[in-house]
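Have a look at it first, and then we'll start from a single pair of facing residues.

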Amino acid sequence: MNTLLFHAHEVGSDGTLKLGAEKPDARAEHIANILKPELGSSLRVGQIDGLLGNGEVLQCLRADANSNNHACVQVHVGELKAAPPAKPPLHLVLALPRPKSLRRVLRGLANIGVTSIDLIQSYRVEKSYWSAPVLEPAKLEAALLEGLSIANDTVLPKVQVYRRFKPYVEDIANALPMKTKLIAHPRTDIQPRLPKNRSEPVALAVGPEGGWTEYEVGLFSKAGFQAMSLGPRILSVEMALPTLGTALFFDLQRGN
């Protein structure tokens, strides 16, 4: 955690952010057990969907296993002036990953700065995935905040959930306003026209570990999505997402 993120309502009228006093708080645990700051030291802080600044550590108590006390941290939040880093304008259409990997995927997507995410059904997505506890709003937010706190970012990606594939593609994906709409598909030699301007918004559809079916690719094609490929090797979702994001938005020059 490089930045302590908080909601505006968590800060008291005196500017103090109190964590872990009433119930366990992962942020307090991390600060007390990993960062171990001295009293009076400075922490980078950020208001969720707001600005960044610095805070002063007023209290830092580690958990006491004997008394069942939680880690408690108090930070006085200073003036917030710094804007969060710019995000690559990427709207991701993602077939719902396996529940065991979804948290890591969301954390990584928030870390690289994805703007918005649509989680959708696909033929190879088991319907039981949709009942996984990780899809609860609070747990989705927690995973995203982990990624943001590493990146010194405050702005949460917008996440929406769609459980019906065909209506989503025909009604939602088809109406997306981006000029560039791509679908990742490893079994194609089609090379799409990528945006020359790296600030141009892009919609990218990424399938499950087993890939999209040909029917699904065809439906996305009718909705204006061009197939793109990183080659014949099938990548895991966790590997494909940062690789595709890099290919779209970053020019990497290797020194001689």
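Find Val-93: it stands opposite Asp-118 in strand E7. This is a predicted model, where local features need pLDDT of at least 70 and side-chain atom pairs count only at pLDDT 80 or more, while totals for chains, interfaces and linings use all residues. Residues are numbered from 1 along each chain as its sequence is written, and side-chain values use heavy atoms, with hydrogens and water left out.

Strand E6 (residues 90-95) runs parallel to E7, and five bridges join the two. Strands here are DSSP runs of E with at least two residues, helices are runs of H or I with at least four, and both are numbered from the N terminus. Two strands pair if DSSP finds at least two bridges between them.

Right-handed means that, with the strands pointing away from the viewer, the path from the first strand over the helix to the second runs clockwise.

Now for E7 itself, residues 116-120: five of its five residues are buried, meaning under 20% relative accessible area with a 1.4 Å probe and protein chains only. In a regular strand, side chains alternate between the two faces of the sheet. Here Ser-116, Asp-118 and Ile-120 point one way, and Ile-117 and Leu-119 the other.

Next comes strand E8 (residues 158-162), parallel to E7 and joined to it by five bridges. Leu-119 stands opposite Val-161 in E8. With helix H3 (residues 137-151), E7 and E8 make another right-handed β-α-β unit.

Definitions and conventions
Buried means under 20% relative accessible area, exposed over 50%, partly exposed in between (1.4 Å probe, protein chains only).
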